[in-house]
Amino acid sequence: MWLEARTTAAQREVIHKVTGEAFALAQTAFKEAGGERKLQEALQYASLTLSSQGIVVSQVELRSAIEKAYLEYKAKIKAVLATEEQPNEEAAQAAAKEAVSSLAAQVTAILSQATGTDTTTSTPEPEKVSNTVAQATISNE
């Protein structure tokens, strides 16, 4: 990369900081302007700021650094939006518990109806064993 070949690490750090500032300035101060106008304002700010510090960088390299700042900004925004769209874990767990509780209540009601254990149905009494069967068993001994 041109910047790496012609600048020191400290100068590159300053260049990336200044181009990040230039992008931020263009986004906020010129938010109603179109993309090309924002880019021109960012380029002008970065060029003037860097030249005042004795760092000379071509317009192409400045544009590349500003575009990089823009892409990093978009990636961060996308990540934030994706995170916000994810359902809250606590809310999801509460909804799942509610669904399980509702399902359990429905299963209990169905089982109660199927086994006849609800309060509206009387339970049948057990059948009585006749005395004749018991006597026959005793007399065979």
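Predicted model: local features only at pLDDT ≥ 70, side-chain atom pairs only at ≥ 80, totals over all residues.
Of the 141 residues of the protein, 18% count as buried. The protein contains 6 helices and 0 strands, and its elements, read along the sequence, follow the pattern α-α-α-α-α-α. When contacts between residues at least 6 apart in sequence are considered, 57% of them join residues at least 24 apart.

Helix α2, which comprises residues 9-29, packs with helix α3, residues 35-52, at an angle of about 145°, and the axes of the two helices lie 8 Å apart. The crossing of α2 and α3 is right-handed. On the side of α2, the contact is made by Val14, Ile15, Val18, Thr19, Glu21, Ala22, Phe23, Leu25, Ala26 and Gln27, while α3 contributes Lys38, Ala42, Tyr45, Ala46, Thr49 and Leu50. Divided by type, the residues of this contact are 11 nonpolar, 3 polar and 2 charged.

Helix α3 was also examined by itself. The 18 residues of α3 should span 26 Å at 1.5 Å a residue, and because the C-alpha atoms at its ends are 26 Å apart, the model agrees with this expectation. The buried residues of α3 are Lys38, Leu39, Glu41, Ala42, Leu43, Ala46, Thr49 and Leu50. After α3 comes Gly54, a residue whose phi is positive, near 80°.

The loop between α2 and α3 holds Phe30. Once its neighbours within four places in sequence are left aside, Phe30 is in contact with Leu25, Arg37, Lys38 and Glu41. For Glu41, which is 11 residues from Phe30 along the chain, the separation of the two C-alpha atoms is 8.3 Å. Two of these partners of Phe30, Lys38 and Glu41, are also listed among the buried residues of α3.

A further residue of interest is Lys17, which is found in helix α2. Residues count as exposed when their relative accessibility is over 50%, and Lys17 therefore counts as exposed, at 56%. The C-alpha atom of Lys17 lies 10.0 Å from that of Ile66, although the two residues are 49 residues apart in sequence.

How values were computed
Residues numbered from 1 in each chain as written. Heavy atoms only, no water. Axes fitted to C-alpha atoms, helices over the stretch in contact; angles between N-to-C directions. Helix = DSSP H or I, 4+ residues; strand = E, 2+ residues; numbered from the N terminus. Left-handed = near helix turned anticlockwise from the far one by under 90°. Contact = heavy atoms within 4.5 Å. Nonpolar A, V, L, I, M, F, W, Y, C, P; charged D, E, K, R; others polar. Expected span 1.5 Å × (residues − 1). Buried < 20%, exposed > 50% of the residue type's maximum accessible area, 1.4 Å probe, protein only.
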